[in-house]
Protein chains: 2
Amino acid sequence: MSNRWVEKLEARLGTIVSNPDNLLSAPMQHALLAGGKRLRPKLFNSVLVMFGLDIKDYLDVACALEMVHTYSLVHDDLPAMDDDAYRRGKPTVHVAYDEATAILSGDALLTDAFTVLANAQNLSAEKRIKLVCILAEKAGSSGMVAGQVLDLKATKQTIDVAALNTMHALKTAALFEAALMMGGVVSGVTDLHQLEGCGRALGLAFQIQDDLLDVESTQEAMGKSLSDASHEKASYVRIMGLSDAKEACRATFEKARTLCAALSVDAEPLHTLIDTIEQRNR
Amino acid sequence: MSNRWVEKLEARLGTIVSNPDNLLSAPMQHALLAGGKRLRPKLFNSVLVMFGLDIKDYLDVACALEMVHTYSLVHDDLPAMDDDAYRRGKPTVHVAYDEATAILSGDALLTDAFTVLANAQNLSAEKRIKLVCILAEKAGSSGMVAGQVLDLKATKQTIDVAALNTMHALKTAALFEAALMMGGVVSGVTDLHQLEGCGRALGLAFQIQDDLLDVESTQEAMGKSLSDASHEKASYVRIMGLSDAKEACRATFEKARTLCAALSVDAEPLHTLIDTIEQRNR
């Protein structure tokens with residue numbers, strides 16, 4: 001599966017925030033175009049490829065996903081939240097600019113994502129409104145935002161693995177679920193539960209892996225502050241120990257593969273992506 | 001025009017944020033149910049009444065407007081922004097809770113507004129997607145957020161009346177425009193420019209009036225910190241003087257009335273609302 005469309009995605013993201021009326025162009029570009037992994041667009045794309053569609057016809061949907069993800073990073077990095085100074089190898093928005101600019105840039109990325117999604121080309125109004133529903137639900141108070149609330153509460157508290165799973169199912173996996181489900185909507189899939197389940201397992205696996213990389217990697221390789229330990233954040237490694245966390249990571253990737261194999265189409269593109277994620281070192 | 005539907009609106013707002021999965025229910029209720037004027041829902045309703053529709057069939061659209069307005073207040077009040085301790089007669093969210101909770105509650109109000117709008121009853125997918133477009137565009141980086149950027153820049157700077165108009169056209173009027181245009185979409189109006197123009201004039205008039213009330217009223221009557229003067233914020237009174245600001249206020253309300261009278265339907269409900277706004281003392 002070629003990823004050459006990622007260049008087109010990034011060009012499109014650049015165009016979206018370069019609207020001449022946009023006074024936050026520079027900080028929004030700073031956040032959006034800092035060399036992220038584009039995992040959520042890649043998840044979305046994997047479903048499209050399964051159904052023989054070309055993501056270049058649906059780049060706006062992928063952009064909306066990336067914009068919502070990026071807003072969450074900009075706000076999570078704020079001093080009142082995780083207080084992180086580096087992200088994707090660059091100073092975070094509130095460090096490069098200031099706190100007010102970071103709050104407003106996040107607000108703009110989130111709001112503009114819905115403008116982009118609502119105006120997405122090559123999709124009926126029915127499909128676009130379903131996409132808005134999924135993205136807003138998975139990102140909102142019962143999804144990603146709830147995960148961030150739990151994350152802040154968990155800092156300096158003792159929580160168990162079940163609570164950690166709940167937190168990451170919301171904070172990380174909800175947007176993975178949205179990415180696969182939105183690929184399903186574009187492709188005409190009516191029952192989205194299997195894609196949702198696969199996104200959830202993969203999101204959790206990704207997060208356990210993140211905790212492992214946090215311990216085993218360097219800030220340089222990860223491109224962000226390795227701050228979870230210094231903030232006494234709950235992590236799989238801290239709660240389960242290194243060896244059990246590694247096993248949980250392997251088993252959760254395996255669960256994602258099993259759910260993926262149960263899809264009613266040939267899921268090779270998603271299998272390939274799962275392999276790529278499992279092999280990442282940052 | 002009876003406003004008894006406002007009770008139903010507030011009950012519906014309460015229900016929306018009382019989702020048992022919502023960990024931010026309490027701060028979101030704190031912000032949403034603090035006795036706001038519900039002006040944007042009232043603007044939306046005035047268009048519906050003109051076209052013989054009943055807002056009780058479209059309460060979710062009004063809720064989405066109020067949620068976006070409330071998110072903007074919660075974020076604008078943050079220490080990194082206007083740093084206000086009181087709003088609608090109560091401590092602001094970051095004072096009653098904490099800064100992280102205020103950031104996340106604002107994020108959730110904004111995101112959930114799109115869930116509510118996308119799922120609104122009694123509207124075709126075509127109309128719902130148009131509503132999403134309008135709300136996101138008017139609230140985003142070319143609308144309300146841009147107004148807040150200009151507002152922060154204007155603090156302690158000397159700006160002229162034209163710049164102040166541009167700022168408030170974005171910060172305040174954009175959501176007034178959205179409210180009237182969204183009423184138009186629900187009512188089947190295809191050309192929304194006149195409603196947009198009327199919303200813009202009324203939003204500016206409202207803001208000039210706000211500056212006048214800021215000077216002439218007390219904190220108790222306004223129910224919020226009268227902080228603009230202490231923050232050396234640009235205001236119509238400061239730039240034009242009291243007498244000219246009063247005249248500009250009167251003339252801008254008159255402009256809104258003229259634009260309203262030019263609508264192709266009997267605009268009495270909107271005229272009545274303009275009168276009510278002009279006569280407010282808080």
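Predicted model: local features only at pLDDT ≥ 70, side-chain atom pairs only at ≥ 80, totals over all residues.
Student: How many of the residues of helix 8 of chain B are buried?
Tutor: Helix 8 of chain B runs over residues 144–154 and is mostly covered. Among the buried positions are B:M144, B:V145, B:D151 and B:A154.

Student: Which helix of chain A supplies the largest share of the side that touches chain B?
Tutor: The contact involves 42 residues of chain A and 42 residues of chain B, and the two chains bury about 3500 Å² between them, 73% of it on carbon and sulfur atoms. Between chain A and chain B there are 8 residue pairs in polar contact, both residues being at pLDDT 80 or more. On the chain A side, helix 4 (59–76), helix 6 (99–118), helix 7 (125–139) and helix 8 (144–154) each supply at least two residues. The largest share, 12 residues, comes from helix 6 of chain A.

Student: How many salt bridges are counted between chain A and chain B?
Tutor: By class, the side of chain A that touches chain B has 25 nonpolar, 10 polar and 7 charged residues. Over all chains the structure holds 30 salt bridges, whereas the count between chain A and chain B is 0.

Student: How many residues apart in sequence are the parts that A:R12 and A:D60 tie together?
Tutor: The side chains of A:R12 and A:D60 meet in a salt bridge, with N and O at 2.5 Å. A:R12 counts as partly exposed at 29% relative accessibility, while A:D60 is buried, with a relative accessible area of 10%. Because A:R12 lies in helix 1 (residues 5–17) of chain A and A:D60 in helix 4 of chain A, the pair ties together parts whose separation in sequence is 48 residues.

Student: Are B:D77 and B:R87 buried or exposed?
Tutor: The side chains of B:D77 and B:R87 meet in a salt bridge at 2.8 Å, N to O. B:D77 lies in the loop between helix 4 and strand 1 (86–87) of chain B, and B:R87 lies in strand 1 of chain B, so the pair ties together parts that are 10 residues apart in sequence. With a cut-off of under 20% relative accessible area, both B:D77 and B:R87 are buried.

Technical notes. Residues numbered from 1 in each chain as written. Chains lettered and ligands numbered in written order. Heavy atoms only, no water. Contact = heavy atoms within 4.5 Å. Buried area = accessible area lost by both parts, 1.4 Å probe. Salt bridge = Lys/Arg side-chain N within 4 Å of Asp/Glu carboxyl O. Polar contact = N/O pair within 3.5 Å; in protein donor to acceptor, adjacent residues only side chain to side chain. Helix = DSSP H or I, 4+ residues; strand = E, 2+ residues; numbered from the N terminus. Nonpolar A, V, L, I, M, F, W, Y, C, P; charged D, E, K, R; others polar. Buried < 20%, exposed > 50% of the residue type's maximum accessible area, 1.4 Å probe, protein only.
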